[in-house]
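Colleague: I am new to this structure and would like to learn how to read it. Could you take me through some features one at a time?

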Amino acid sequence: MAISLAEGKRRRALAVVFAVVFVDLLGFGLVIPILPYYVYSFGANEFVIGLLAASYSVTQFLFAPLLGNVSDRYGRRPVILVSVGGTVLAWLAFGLAPSLLWLFGSRLLAGAAGGNLAAAQAYVADVTEPAKRAQALGLLGAAFGLGFVFGPALGAVLSYPAVVAAADAVIPVLPITHYTLPAFGAAFLAAANLAFAFVALPESRRVGPGGRSARRTMVGQLLAALRTPGLRGLVAAFFLLSLAFSGVQVMFIPFVAGQYGYGSSQAAVLLAYIGVLAVVVQGGIVGPLTRRYDEVTLTVASAGVLVVALAAVPFSPTVGDVFFAWVPAVTPWFTPALVGLLATLALLSFGNGVLNVTLAALVSGRASAETQGSAFGVTQGAGSLARTVGPVLMGALYVLGYALPFLAGAALMLLALVITARFTRSDDAEAEEPPLPDPGHAR
């Protein structure tokens, strides 16, 4: 049962949760610029980079539902604290890695700790009224976007030769290089995050000894959710959204390199642009939209926007030349073709930002107060499972044709739109029953 917090204390608690998510994503974004080169330093190739990304998603898939269940049973606070502590250890192991095997171990641990998003979402659901939940979850999504905006920039600073040399002189006990310093910086931020949460984060629900929880497999929980009225369509939509976007995100850099001739610096600027858009959409636009329209309508509409945006990405140079030919080429790189890409990415960010929030709000609304963590854990697990498949699938399609990953993503989102529209409306009309089986009675 959720604990009623005074308004001031509730705001402070939400600020702590947002800080936890922001610093988690800041650390992740901080290491993004050096990750491929760090892998190359061990003599590995791009295939190993893909496996490394998949290893994170595999353990996140396994642990997200588990952490969600544990947070329902023992409270959100201990789950968040333990998972942030795991993040500290994971980044230290990443920076100290003497071999690829050690590096894989660090990413497996990071993925397990990364399952704390389910507990963070459930915490927000605990302390916000249903009418304000979508807006609060949107702010949580904005914390994601801010992490991706500032993380790569901070990583670039920490990998700068003069900064690396200064850090090596000050901290001689650590193996400081331009690969490892960003990881140690992420570990330091996570440790500060842990201390802050330990002091400032109250528990959001009442917990007691009770009976033993059921030990269900993660696949079993997904299957149970797919059989549960009110959740099955949402879990399927989360899976399809993650499947489409995980692959499209991986293929975006090759696309702008091949079709626009951009190097890593221009690609980094585009990624920062996407992060800023995510903050604007989830932090500023979602709230007013949810006050005016119901969540099912917004979910279906934003999925439709995504279908159009994903299909338009590979044709963005043509879109720019046709619709933005009037834009003056003030520099050699600021061309109508680039404006077409920026407009397409704005549409993409809007659809993705709204859809992520409204899907999360629908999950929260269809789960009981006792199973908020379990529900978010299942959907997060479905997303993690999709992220183990998406990059491999979309990479294979990109080899066959650069437009295919984006067109396939549009097709997947069209399927998600149909599933969401059909299941959310039909599930609302079904007989009343608990949105998720009670973990204490299911085996």
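Modeller: Start with one term: a residue is buried when its relative accessible area is under 20%. This is a predicted model. In α15, 23 of the 31 residues are buried, and the helix is mostly covered.

Colleague: What distance should the 31 residues of α15 span?

Modeller: A helix is expected to span 1.5 Å times one less than its number of residues. Helix α15 covers residues 336–366 and should therefore span 45 Å; its end C-alpha atoms are 45 Å apart, which agrees.

Colleague: How many residues of helix α6 are buried?

Modeller: In α6 (residues 117–127), 11 of the 11 residues are buried, so this helix is largely enclosed by the rest of the structure. Among them are Gln-121, Tyr-123 and Asp-126.

Colleague: Is Phe-188 buried or exposed?

Modeller: Exposed means over 50% relative accessible area. Phe-188 has 60%, so Phe-188 is exposed. Phe-188 belongs to helix α9, residues 180–200.

Colleague: Which residues of the largest nonpolar core touch the most other members?

Modeller: A nonpolar core joins buried nonpolar residues such as Leu and Val through side-chain atoms within 4.5 Å. The largest one has 45 residues, and Phe-255, Val-256, Leu-270, Leu-341 and Met-413 touch the most other members. Helix α11 gives the most to this core, with 15 residues. Leaving aside residues up to four places away in sequence, Val-256 touches Gly-261, Tyr-262, Ala-267, Leu-270 and Leu-341. A second, separate core has 33 residues, including Leu-117 and Ala-143.

How values were computed: Residues numbered from 1 in each chain as written. Predicted model: local features only at pLDDT ≥ 70, side-chain atom pairs only at ≥ 80, totals over all residues. Heavy atoms only, no water. Helix = DSSP H or I, 4+ residues; strand = E, 2+ residues; numbered from the N terminus. Buried < 20%, exposed > 50% of the residue type's maximum accessible area, 1.4 Å probe, protein only. Contact = heavy atoms within 4.5 Å.
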